[in-house]
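Please read them with the model open.

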Amino acid sequence: DTEGLLRIKEENQKHYRRAQRHQEKKEKIQRHNRKLGELVEKKTHELKTQYEHLANLRRTHILELTSVIFPIQEVKTSMRDPADVSSESDNAMTSSTVSKLAEARRTTYLSGRWVCDDHNGDTSISITGPWIILPNNGDYSAYYSWVEEKKTTQGPDMEHNNPAHTISAALCYATQLVNTLSLILDVNLPKKLCNRQVKTQQGNHEFCGENLSRHRFTRAVKKLNANILHLCFSQHVNLDLLHPLHTLRNLMYLVSPDTENLGR
């Protein structure tokens, strides 16, 4: 029994010494982890600072781009509310009639259906200059109506102020701006749209050049609107301001100096 007790004591001493070594190793690992944690925290702070610096650079480049090359602004139209005009001409008009006229003014017949539009007829959005504008309500039917009319009309086109020309130019500039913004913001666009003056495997570049059919035109507009919304979502633009049909208005909200997260 005495010899057995001595063996147990020796084993206990070995276990105790091993436990001490393990404890020292544990403390060493903890000190190493604390150092790594401090280093990671420091690097994280530096990375966050670099991200903020990069966001500021992106924001500066975008604001320069949209103020010098691609200015986007709201263009007021000289249209009066039919409710106001009617009420002036007929003082006996009931309030219900006035409200119905105002409600009718906020609706637009677009692609075979009536849609609600609070900005209908009030404003247009211009890009690169006040003469290149898009209807605010997203109704670009003037383009393919003009294309269909050109198919049946022979001879050179002398209508330089045709709205179809301005719509095509504005959409082409918008496509070029969106592609440039995706490069600056380092955001991959979900839809591919070409804005160069070259031919691709799929055909000519979008909007500029040859006249597009109604199907190709509406398809290209949907792709452009999807890319713009994708950029707006990536920069945390207020969703209440966005509308899926308002091409240039959504772009205007995206590149606005009031967009807090622009450049993230």
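1. Start with helix 6 (residues 214-234) and helix 7 (residues 247-254), whose axes come within 10 Å and cross at roughly 20°. This is a predicted model, and the values here are computed from it. Angles under 35 degrees count as roughly parallel, so helix 6 and helix 7 are roughly parallel to each other. The crossing of helix 6 past helix 7 is left-handed. Two packed helices are described by the angle between their axes and the distance between the axes.

2. Which side chain does Arg 249 meet in a salt bridge? The partner is Glu 74, at 2.7 Å from N to O. Arg 249 lies in helix 7 and Glu 74 in strand 1 (residues 72-76), so the pair ties together parts that are 175 residues apart in sequence.

3. Is Arg 249 buried or exposed? Its relative accessibility is 4%, and buried means under 20%, so Arg 249 counts as buried. Glu 74 is partly exposed, with a relative accessible area of 35%.

4. The count of salt bridges comes to 2. Lys 43 and Glu 46 also form one, and their closest N and O atoms are 3.9 Å apart. The cut-off for this pairing is 4 Å. Lys 43 and Glu 46 are 3 residues apart in helix 1, which means that about one helical turn separates them. Glu 46 has a relative accessible area of 34% and is partly exposed.

5. Next, the surface. Which residues make the nonpolar surface patch of about 300 Å²? They are Leu 47, Tyr 51 and Leu 54. Tyr 51 is found in helix 1, which covers residues 2-69. With a relative accessible area of 53%, Tyr 51 is exposed, because the limit for that class is over 50%.

6. Last, the chain as a whole. How many helices and strands does the protein chain have? Its secondary structure comes to 7 helices and 7 strands. Along the sequence, these follow the pattern α-β-α-α-β-β-β-β-α-α-β-β-α-α. The protein chain has 264 residues, and buried residues make up 33% of them. Arg 249, at 4% relative accessibility, counts as buried.

Technical notes: Residues numbered from 1 in each chain as written. Predicted model: local features only at pLDDT ≥ 70, side-chain atom pairs only at ≥ 80, totals over all residues. Heavy atoms only, no water. Patch = residues over 30% accessible without salt bridge, like charges linked within 9 Å, V, L, I, M, F, W, Y side chains within 5 Å. Areas by Shrake-Rupley, 256 points an atom, 1.4 Å probe, with all protein chains shown as cover. Helix = DSSP H or I, 4+ residues; strand = E, 2+ residues; numbered from the N terminus. Buried < 20%, exposed > 50% of the residue type's maximum accessible area, 1.4 Å probe, protein only. Axes fitted to C-alpha atoms, helices over the stretch in contact; angles between N-to-C directions. Parallel < 35°, antiparallel > 145°, perpendicular 65-115°, else oblique. Left-handed = near helix turned anticlockwise from the far one by under 90°.
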